[in-house]
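Welcome! Please take a look at the sequence and structure below, and then read on for a short tour.

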Amino acid sequence: MLLLQDIREQRAEIITRLKIKQVDATELIDKIIHLDDVRRESQQQMDALNARSNALAKEIGVLFKSGKATEANQLREQTSDLKTQSKEAEATMDQARREMEELLVLLPNLPHPSVPMGTSAEDNEIVFEEGKIPDLGSAALAHWDLVQQYRIIDFALGNKITGAGFPVYQGKGARLQRALINFFIDQAADAGYTEIQPPYLINAESGFGTGQLPDKDGQMYYIPEDDLYLIPTAEVPVTNLYRDVILKPRDLPVKHVAYSACFRREAGSYGKDVRGLNRLHQFDKVEIVQITEPEQSYPTLEEMREYVTGLLRKLELPFRIVKLCGGDISFTSAMTYDFEVFSAAQKRWLEVSSVSNFESFQANRMKLRIKDETGKMHPAHTLNGSALALPRIVAAILENNQTSEGIKIPDALIPYTGFDLIS
RNA sequence: GGAGAGAUGGCCGAGUGGUCGAAGGCGCACGCCUGGAAAGUGUGUAACCGCCAAAAGUGGUUCAUGGGUUCGAAUCCCAUUCUCUCCGCCA
């Protein structure tokens, strides 16, 4: 959430910067400022009226105590008018505030000045590329064929018991999932991240805090009976651990890692891009979250980028890092690096991680603040990144490592799988 | 799901109609003490929204949430939410 004060003071600059995100916020911002003007005016009225009532109430109290009932009753008559006027002013103020807040949460985060202009993924900037793309020849199979051949993931079975996008992992396929999860968590723990096991259901306040609501309402599974949402990522429960929290500088940086299943409705997705493991309604992901001082958030973003880079190197997958352009960056993010691995049989890049700096956008929504030594408050910065999401990593491992003997497991994973070949 | 109890500041906890934004303690900050620390000791320590160029100052709001009674509510009434205990169910 952008701060009202900033919107008022830097109206033109904010409008310009949001254009990088392909958003014209002029009308929205002007409405917000107008509603805030209304709110302030009615608050001033209300405050003045309340001040008078408070003073009168005090006087009346004193008069009653000293036995001057007649005078007290005279004053009492004056108060009823004040009260109704104050209620009216309050109603105006509340309504203006409510309307203003509804609009305020519709404004996306400002992109970092270095975020390139652009309308789609085409305009993203490739900032790094590494690893050898294997030449598999024409006999190479896509992962949806490989998983059938080796009987490790069954899409049809998932289809039967739940529906499309809910695969069943079995045998070495299931073991590979568990190996990857443990590998990722161990790596993060070694890098100083404290492990969290979060709930998989969240309330609306949490969805609002990290920005999924109201922007992405409809992308989360919702349970009306209990008014709860299935998490689309562990980012939501983990970051919301710090909702309404005041941190001290010595608590920082906060570093958490969490494995969770993730649930996404993916409404509107279809076609070949979603085949096999490419897009699922339920998938596994290990997420890293950091909370930092504002001036530390960009160095931290680079640190997280390096960390994810290290994971992909250990898995021996060819990958590239793209810096998302304004049109492709999310509602909440100020800057995002996407990591993509090359899937040799599909011959395409698959997004496996997204590392973002939200600056104070989530912190403002969540009231996550830092109180410094002088007692002053300022919003914290939040960041997160996938480290990593499993399905496309699995797809790339299966496709890139296929041989005539079977699928070779990367060395780093063998201690976790207990086998070096799926055959 | 049934019965009962409760929700107060960063935390614990007192407070049953006015002088209560709230005792006391813990924690925290600064000082004294100390070779340094601990202990001891002194002082200070809520957030939010306005007014003011800003600081100082000042008005307002906030004792789970929303409504009500009253000149005046942490305190009384109603509703809601949540927590705890017991019972039921259960991995």
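Helices (H or I, at least four residues) and strands (E, at least two) are DSSP runs, numbered from the N terminus. This is a predicted model, in which local features need pLDDT of at least 70 and side-chain atom pairs count only at pLDDT 80 or more, while totals for chains, interfaces and linings use all residues. Residues are numbered from 1 along each chain as its sequence is written, chains are lettered from A and ligands numbered from 1 in the order in which they are written, and side-chain values use heavy atoms, with hydrogens and water left out.

**The surface near RNA strand B**
- A residue is near a strand if one of its heavy atoms lies within 4 Å of it.
- H3 gives the most to this surface, with 13 residues.
- Helix H3 (26–65), helix H4 (69–104) and strand E14 (369–371) each supply at least two residues.
- Of the atoms of RNA strand B within 4 Å of the protein, 68% belong to sugar or phosphate and the rest to bases.

**Polar contacts with RNA strand B**
- A polar contact here is a pair of N or O atoms within 3.5 Å.
- An N or O atom in the side chain of Asp-47 is 2.8 Å from a base nitrogen of the RNA.
- A polar backbone atom of Ala-57 is 2.8 Å from a base nitrogen of RNA strand B.

**An open sheet**
- Three strands form an open sheet in the order E5-E7-E6, with antiparallel pairing; two strands pair if DSSP finds at least two bridges between them.
- Strand E5 (201–202) and strand E6 (222–223) stand at the edges, each with a single partner strand, so one side of each lacks a neighbour in the sheet.

How values were computed
Polar contact = N/O pair within 3.5 Å; in protein donor to acceptor, adjacent residues only side chain to side chain.
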